[in-house]
Every structure is written in structure tokens, then in C-alpha cells.
Amino acid sequence: MPQGDRKKNTSKPKASRRAPSKPERKPTASVNHEPASSASELISTIPISLQQLLLDVFKTALLTTDVPSESTTQDIYPTPQPDTLDTKSLVQTIKSHLYQRDFDSAFTDAGEDLLRAYALRWSASRALGYAGLFKGVLRWMQDRAEQHPSPAPPSPNTRIVSIGGGAGAEIVALAAAWRDLDFGVEALAKSVADVSLESGSDGPERTTTTASVDADVDVDVNARPDSCPRLAVSAVDIADWSSVVQRLSRTLVSAAVPAQLSSKHRPPLVPAGRAVDVGFRRADVLTVSEDELKGILLDETSQAGSSLLVTLMFTLNELFSTSMPKTTGFLLRLSDLLPSGAVLLVVDSPGSYSTLKLGKGKDGTAQERQYPMKFLLDHTLLSVAAGKWERVYTQDSRWWRRDAARLKYEVGEGAGLEDMRFQVHLYRRI
């Protein structure tokens, strides 16, 4: 999700297009430094039932005024009436703002309803595409930590800093990936086995978790087992997405999310046995001070040895387009501040280019030159910051395609699901 008004442009809604009628030839992915058995299997999948639950979280959290409580219930929610968003009208308004490149009206100065409609329309599809990728990256990070132990005692906890992640796609996708991974939490494995997402059984007794979000404040999910591996997600964005993040984080742990494909009871997306903490911070990463950026990236409360992943999902190219020098400086500051072993994940539209203004020529006309985003990224991390990063995985173009026949997502006209085509690059701080 982009950095507020800067990232949102007319290319954003077009980034996820429907698949072409003919299958696209997949380019060969490039993997460096890591054995094929780990990095080459970076992109994974999550079960269709978990994909549906992910979509149900978005619908329940954002479509209506009310947000479900965290209490367990088997009641079937009635169809929302007057408090349902007019998704069609709001999405049309967003598209109009984007077409006119009025990003302040679309995002920075937008009201809560407009931001909720944006997340319903674009973030849900993105989250589906992200979930399998995050699952693969988190699994790779775990495997590598086991194969290359560090001097510090290893921690099962993982911290994610999502630059431009305010609209919630990364937050919900990470929760789904964390739910699907098995980091040795046997109690959860048993509960998932006993209570499938479509199961009619109540399953074993579980502890209900709660969450709340305030801007610039990290959020704790309470009543979790102390020994449970913890996923801490911090979304950073230039626009104020705190209300959307609050709604989504509360719904992640709610057992009252109505099932779209079944009326049977099921556990929440983040059930007992999984600890997912969510925080949001409003900041412009291109202009923050060194100390503030350090505070964004490095949580002083994080346990030593915790894994750290920084994500730039459909955000980096827009940062380059805003200011190539400032974005290059931001990446170099990341290189200086992030500890060894930290991982950087970049996902963006394939074939993304950024324009660099080179001044005026002899005839007085402005000179410009376009550079591929991948070239700028590699040049900054692997050449300018030589010796600080290794590129683990790169793929210039890849499709994620939804299962249209099995997934159900009815949130209003003009807000259906779309396939997603993207490029992906993964780096590790040496």
C-alpha cells in the first residue's frame, strides 16, 4: 500500500488487472546466494478456506458501520441495512480523484468512508495475492535462521515494518500467512485440525484476544500465551489510515465474522495460539529524521534475535517517481540502520519506470530519462551500498490469479476481486 497521496496515482487501480485470455509465459526467476531448496520456493499458497476468511475479514471490518466484537458467537449476522457503505459511488469518487491526480482529496484529506471503500476495492485483492508470498518469505526466514544461527539467542518472534501499508492489505495478508504457518505451536495445530474453517464443531475451548489501534501507537493483543511466537506488524503511511487499521485489527481476532460459504462456526483469523500485534504510524519516510526512521524500523521492545522484515509493496516506484534522490537516500539509510539478517521485500507493478529530470539542454528544454525501478533498486543496494546486501530472489513478472469460482466477495458494485501481476525482489542485510 502506498505512501498516502504520493503513492496513489492513476496507475494504482490498474496494477491488478484481469488475467489475459492466453496464459502468459513465466520468466525465469533469479536466485542468488541461497540454495534452490529454500529461496526458489519463495512464493507459496494458502488454503482456499483461509483465503475466504481473509475476504470475510475485510467485508466485516469495513463494509458496515458496526465492527464485530471479539466474543465468540454462533449467531448469523443479519444483512446490513442503512449503515452499509455506498461502495459503488465511493469507488467512482476515488477513481475520479486518481484520474485528476488529486491525491490529497483521494487519500490525505479523505474521510473514513472513502478510505474504507478504497480498502474494500483494492486492498482485499492485494491481500489475497500477498498472503502466499508472505507465507513463503516467513518460512524462508525461519529456515535460514535455523540453518545459520546467529550469536544472539534465537527468538521465535518476527517484526514486520510495512512502508506504505496503511490500507491494510499487508496486515491481513500477514495474519493469514502467520495463521497458516506452523512454528511448533502444537495447540494451534490441534485446534485447526479439529475445527476447520467450514467445520460445524465448536472445537476446543480457546482464549479470546482483543486489539485496539491509535495513530502512532503500537497495539498489544492481550490474553496470549507467553510462549507463543509473536508477529508484530507496524504499518507506516503518509495518510491517516488509523481508523481502517483499527477496524481490521479488531476483526482479525473476532470469532463473530460471518462465514460467506457456510453458516457454521469457525475460529477467528488470529485464533488463540497465534499472537499478532498491529501498530500504525503516520509518517513520510522520505522526510523523517534519522532518529524517527530508526524508531520506525527498530522497536526497542523487540526481543534480541527476533527476525525483521521490511516491505515495500507497490510503494517503491512511486517513491522514486516523487523524488529519486530522496528515495535513494531513504534506501541508503535503510542500509545503515537495519541490522544484519534483516530482510527487505519489494513488490511492484512489472515494468515500472521512474523518470529522472536531468536539467535543461542547450535549447532550453527539460531533459528527462527513464530508469527501470529494478535497476534503481539494484544500483542503490548492490552498487552504492556495496557489501551491505545480498539479493536472495528476483522475478520480473509473475501472475497471482484468484479462484473466481470458489471465492465469494460481495461488497457492492464495482468492488470485485481482480488478479494481480507483479515483480518481486528479496534482499538480506549482510
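## Cores and helix H3

Leu345 touches Leu133, Phe134, Val137, Leu309, Val310, Thr311, Leu312, Met313, Val424, His425 and Leu426, leaving aside residues up to four places away in sequence; contact means heavy atoms within 4.5 Å. This is a predicted model, in which local features need pLDDT of at least 70, side-chain atom pairs count only at pLDDT 80 or more, and totals for chains, interfaces and linings use all residues. Residues are numbered from 1 along each chain as its sequence is written, and side-chain values use heavy atoms, without hydrogens and water.

A nonpolar core is a set of buried Ala, Val, Leu, Ile, Met, Phe, Trp, Tyr and Cys residues joined through side-chain atoms within 4.5 Å. Buried means under 20% relative accessible area, with a 1.4 Å probe and protein chains only.

| Core | Residues | Members include |
|---|---|---|
| Largest | 83 residues | Leu54, Phe58, Trp241, Leu345 |
| Second, separate | 33 residues | Val236, Leu334, Ala342, Leu377 |

In the largest core, Leu345 is one of the residues that touch the most other members. Helix H5 (residues 112-147) gives the largest share of this core, 18 residues. Helices are DSSP runs (H or I, at least four residues), numbered from the N terminus.

Helix H3 (residues 87-99) has 13 residues. Its buried residues are Thr87, Leu90, Val91, Ile94, His97 and Leu98. They lie on the same side of H3 because they cover an arc of only 120 degrees around the axis, taken from the directions from the helix axis to the C-beta atoms. Their cover includes helix H4 (103-108) and H5.

Buried residues make up 55% of the 430 residues in the chain.

How values were computed:
Buried means under 20% relative accessible area, exposed over 50%, partly exposed in between (1.4 Å probe, protein chains only). Helices (H or I, at least four residues) and strands (E, at least two) are DSSP runs, numbered from the N terminus. The expected span of a helix is 1.5 Å times one less than its number of residues.
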